[in-house]
Amino acid sequence: MSRRRTGIILALMIVVVMPLSLAAQEEKIEQVKAVDWSKLAEMLPDELAGMKADEVEGGSMSMADPMNPGQTFSYSSVERTYRSGDEDDAKEITVRILDSGYNKMLLMPYMMAMEFDGPDGGMKSVEIAGQPAKQITEKDDGKIVSVQYMILVGERLLVYLEGDENCSAEGLTKIAELLAFDKLAALVK
């Protein structure tokens, strides 16, 4: 799935699900200050299996909390894209880390992910390096054109991995297993 399409789907999930979650959410969750984006950036590998790394993008933000009037919440995110090969067999993998600060609205894409399988792709629950995850595949005429993972770490971090049509699910899983999930979890304890 293209980044644009992924972003649109995630935005629609938040817009559609947010009113439902506001009505259903009775308990007040204490939110915390998100880990500074520069600390999250340190968790992104400098290279992956010989792939060239782009510059890290990211930032930290605070805003009014629509779920708890009068309060604010913070979040931070970072991402880096890795590339290899030439134009004919280029491979591209993007790794994103989001610290939700326990904000349920930001965790909705993971929490609301349903399992399905069909001719255009599927989503299923898996485990990667001991972490609960969702594997998402997009197909075109039966051929996998995109593989993604959403991995939940420490109940508040979401790690996204997205590979293009030249990345297999097995290859992306191996790369995910190289990430330092224990160090990520330690950032939010």
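Which residue is the bridge partner of Asp 99 in strand 9? In strand 9, that partner is Leu 157.

## Basis of the model

The model is predicted: local features need pLDDT of at least 70 and side-chain atom pairs count only at pLDDT 80 or more, while totals for chains, interfaces and linings use all residues. Residues are numbered from 1 along each chain as its sequence is written, and side-chain values use heavy atoms, with hydrogens and water left out.

Strands are DSSP runs (E, at least two residues), numbered from the N terminus. Strand 4 spans residues 91–99 and is largely enclosed by the rest of the structure, because seven of its nine residues are buried (under 20% relative accessible area, 1.4 Å probe, protein chains only).

Two strands pair if DSSP finds at least two bridges between them. Strand 3 (residues 72–84) pairs with strand 4 in the antiparallel sense over nine bridges, and Arg 80 stands opposite Val 95 of strand 4. Strand 9 (residues 157–163) is also an antiparallel partner of strand 4, over seven bridges.

## Salt bridges

The structure holds six salt bridges (a side-chain nitrogen of Lys or Arg within 4 Å of a carboxyl oxygen of Asp or Glu). One of them joins Arg 96 to Glu 162, with the closest N and O atoms 3.5 Å apart. This pair links strand 4 to strand 9, 66 residues apart, and both Arg 96 and Glu 162 are buried.

Arg 156 and Asp 99 form another salt bridge (2.8 Å, N to O). Asp 99 counts as buried at 0% relative accessibility, as does Arg 156 at 5%.

Note on methods:
Buried < 20%, exposed > 50% of the residue type's maximum accessible area, 1.4 Å probe, protein only. Helix = DSSP H or I, 4+ residues; strand = E, 2+ residues; numbered from the N terminus.
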